[in-house]
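Thanks for coming. Please have a look at the sequence and the model on the screen before I start.

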Amino acid sequence: MDPLNSARVLLGVSGGIAAYKAAALTSTLVQSGATVDVIMTAAAERFITPLTFSSLTARPVYTSLWDAPERIPHIRLVREAQVFIVAPASANVIAKIATGIADDLLTTALLASRIPIVVAPAMNSAMYERSETKRNIDALRERGIEIVEPESGFLAEREIGQGRLASEERLLDAIRRSLARTRQLQGKRVLVTAGPTVEALDPVRHFSNPSTGAMGIALAREAAQRGADVTLILGPTLLAPPPNVRTVAVKEAREMYEATMREVPADLVIAAAAVSDWRPAERFDQKLPKGSKDLNVRMVRNPDVLQALGDRKDGAFLVGFAAETESHQAHASEKLRKKNLDAIALNDVSGERGFGLQESSLTLLWRDGGELNLGSGAKEMLAARLLDAIGPRLNEDADAARD
Ligand SMILES: Cc1cc2nc3c(=O)[nH]c(=O)nc-3n(C[C@H](O)[C@H](O)[C@H](O)COP(=O)(O)O)c2cc1C
């Protein structure tokens, strides 16, 4: 069945000559069985009237944040839709998305959106070639937004150049791809561990590591966006867990172990937590006096959460993370084999890389050999690429089990 059939599509139209082409796109979407809501910017209304879109969709067209504020349109529209496409996207709207400006209904809805976003730029080639515009488009891409690049050809200014809105076929393909993504993990149970663990020595001192949980949180959010039922087991972090996943907060490695074992089996388990390998053998109830001497602390091994997951497996597709500072590939392959994983995401944490909110880079090594470089960038983007790569393998496993 065509994924467009019975899909909910939100279409943003901004102010450019190609706004008229958005009407043809709307008509095709409606004929394919999609329900389409349209948001227009004030500039778009100068090129085409809302009447055209409301006639095509048989639904109201939204042009202002303030028309029916009691229904909070910018939130309601993005909650009801499965995919958000902006076509044509003006240079101005792209710049606003890149910087998080939300000064009208379209840009506010875009900022409030957790659904996949597709952006189709259309503008004069001089505007498109500007370094500002290029940088803004790159920023959107890094955030996981799909860009449908404009085509070269005759522009309204009677010039030839790159800037024409992509063909309807390419726009429809991008919408179909995004819809398929949102359904990729439907009916699957996904378990993600994230964040550090902290091992107390006394009430004011502990052993831990610099993990913030950002990667695991991004993975949990992305899996939920793809329709999975997600549980996130999260060590102490200042970052907020995504709202649409069930979060179990833990502190110590032993709690993370117990919580994880309670939550399996699952179809997909991603162990992104940085679990402390050791804890102090003794934990003091009162603050240790500083004194003048050195302190010797004996550390004992914590349970190995990933090993335990690999040992019981339960039909899950199991993905581990390897944060390595040297001999990356060799250490990660060894861990993959020893812990009975299906894949391992190798994260280079030498120097300042890898931890926290800054960019990261990942390489995925598969159990059956072979590797996939997921590139470098924002953790949201890497999370999307990782699930793009793993999703088909999950479904392959499920198909094999049925045969
Ligand atoms: C005749 C005309 C055509 C325009 N075509 C485009 C266009 O194709 N792409 C674009 O980015 N801006 C175009 N603009 C400029 C935008 O309309 C302008 O930047 C506006 O502020 C965009 O508002 P919006 O992004 O809120 O829709 C055009 C302006 C005029 C007057």
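Predicted model: local features only at pLDDT ≥ 70, side-chain atom pairs only at ≥ 80, totals over all residues.

Residues are numbered from 1 along each chain as its sequence is written.

First, the overall figures. The protein chain has 14 helices and 20 strands. Helices (H or I, at least four residues) and strands (E, at least two) are DSSP runs, numbered from the N terminus. Taken along the principal axes, the C-alpha atoms of the chain fill a box of roughly 80 × 60 × 45 Å. Of the 403 residues in the protein chain, 44% are buried. Buried means that 20 or more other C-beta atoms lie within 10 Å of the residue's own; exposed means 12 or fewer, partly exposed is in between, and C-beta atoms are placed from the backbone. Among contacts between residues at least 6 apart in sequence, 69% join residues at least 24 apart. Two residues are in contact if their C-beta atoms, placed from the backbone, lie within 7 Å.

Now the strand. How many of the eight residues of β17 are buried? Seven are, so β17, residues 317-324, is largely enclosed by the rest of the structure. Strand β17 pairs in the parallel sense with β14, residues 268-271, over four bridges. Two strands pair if DSSP finds at least two bridges between them. In that pairing, Val269 stands opposite Leu318 of β17. Strand β17 also runs parallel to β18, residues 343-348, and six bridges join the two. Here Gly320 stands opposite Ile344 of β18.

Next, the ligand. There are 15 residues around the ligand, and Ser14, Gly15, Gly16, Ala43 and Ser90 come nearest. A residue counts as near a molecule or strand if its C-beta atom, placed from the backbone, lies within 6 Å of it. Helix α5, residues 91-99, gives the largest share of this shell, with three residues. By class, the shell has nine nonpolar, six polar and no charged residues. Ala, Val, Leu, Ile, Met, Phe, Trp, Tyr, Cys and Pro count as nonpolar, Asp, Glu, Lys and Arg as charged, and the others, Gly among them, as polar.

Last, the backbone details. A cis peptide bond joins Ala87 and Pro88, with omega about -5°, and Pro88 is in strand β4. The bond from Val264 to Pro265 is also cis, with omega near 5°; Pro265 is in the loop between α11 and β14. Ser6, in the segment before β1, has a positive phi near 65° without being a glycine. Ser6 is exposed, with 12 other C-beta atoms within 10 Å. Ala58, also not a glycine, has a positive phi of about 55° and lies in the loop between α3 and β3. Ala58 is exposed, with 9 other C-beta atoms within 10 Å.
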